[in-house]
Amino acid sequence: MMWWFHDGGGWWMWLVMPLGMIVFWGLVVAAVVLVVRTAGAGASGHGPAGEGPERILSERFARGEIDADAYQRRLATLRSTHDHATA
């Protein structure tokens with residue numbers, strides 16, 4: 001009378017296997033998203049703190065959008081803000 005065990009595992013297999021596949025594919029998708037975000041952060045200038053804003057400020061100074069005094073003031077402000085954030 002125990003013929004239902006010949007199908008390879010019983011009723012729980014119909015519940016556990018689909019849930020296992022959902023968890024597996026969820027982890028795969030999460031890993032891909034994490035890799036894409038991490039790779040994209042370096043390319044877009046959102047790398048280490050302070051690197052992006054100082055680079056933008058330097059580019060503005062190089063293009064002549066701001067003068068030397070404005071550059072120095074803003075650079076000092078950026079660095080003091082960065083020092084307070086890491087403390």
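1. Glu65 is partly exposed, at 46% relative accessibility. The model is predicted, and in it Glu65 pairs with Arg60 in a salt bridge, at 3.0 Å from N to O. Arg60 is also a partly exposed residue, with a relative accessibility of 27%.

2. Glu65 has another partner. Arg63 forms a salt bridge with Glu65, and the closest N and O atoms there are 2.9 Å apart. Arg63 counts as exposed, because its relative accessibility of 54% is over the 50% cut-off. Taken together, Arg60, Arg63 and Glu65 make up a network of salt bridges.

3. How many salt bridges does the count give? The total comes to four. One of them joins Arg55 to Glu59, with 3.3 Å between the closest N and O atoms. Why are these two about one helical turn apart? Because Arg55 and Glu59 are four residues apart in helix H2, which covers residues 51-63. Arg55 is partly exposed, at 40% relative accessible area. Glu59 is partly exposed as well, at 34%.

4. Ser58 also belongs to helix H2. The relative accessible area of Ser58 is 30%, so this residue is partly exposed. Ser58 and Leu75 are 17 residues apart in sequence, and their C-alpha atoms are 8.8 Å apart in space.

5. Now the aromatic rings. A search of the whole structure turns up two aromatic pairs. Phe24 and Trp25 form an edge-to-face pair, with 5.0 Å from centre to centre and 75° between the planes. Phe24 is partly exposed, with a relative accessible area of 44%. Trp25 is partly exposed too, at 48%.

6. Phe61 and Tyr71 form a stacked pair, because their planes lie at 20° and the cut-off for stacking is under 30 degrees. The ring centres are 4.7 Å apart. Which parts of the chain does this pair link? It links distant parts: Phe61 sits in helix H2 and Tyr71 in helix H3 (residues 68-86), ten residues apart.

7. Tyr71 has a relative accessibility of 14%, so Tyr71 counts as buried, the limit being under 20%. For the protein chain as a whole, 9% of the 87 residues count as buried.

8. Next, the surface. Which residues form the nonpolar patch? They are Trp12, Leu15, Val16, Leu19 and Ile22, and together they have about 500 Å² of accessible area. Leu15 lies in helix H1, residues 11-43. Leu15 is partly exposed, at 49% relative accessible area. The protein chain exposes about 7,400 Å² in all. Carbon and sulfur atoms supply 71% of that area.

9. The overall architecture is quickly told. The protein chain has three helices and zero strands. Read from the N terminus, its elements run α-α-α. The residue ranges are 11-43 for H1, 51-63 for H2 and 68-86 for H3.

10. A word on confidence. The mean pLDDT of the protein chain is 80. Of its residues, 68% reach 70 or more.

How values were computed. Residues numbered from 1 in each chain as written. Predicted model: local features only at pLDDT ≥ 70, side-chain atom pairs only at ≥ 80, totals over all residues. Heavy atoms only, no water. Salt bridge = Lys/Arg side-chain N within 4 Å of Asp/Glu carboxyl O. Buried < 20%, exposed > 50% of the residue type's maximum accessible area, 1.4 Å probe, protein only. Patch = residues over 30% accessible without salt bridge, like charges linked within 9 Å, V, L, I, M, F, W, Y side chains within 5 Å. Areas by Shrake-Rupley, 256 points an atom, 1.4 Å probe, with all protein chains shown as cover. Phe/Tyr/Trp six-rings, centres within 6.5 Å; stacked < 30°, edge-to-face > 60°. pLDDT = per-residue confidence, 0-100.
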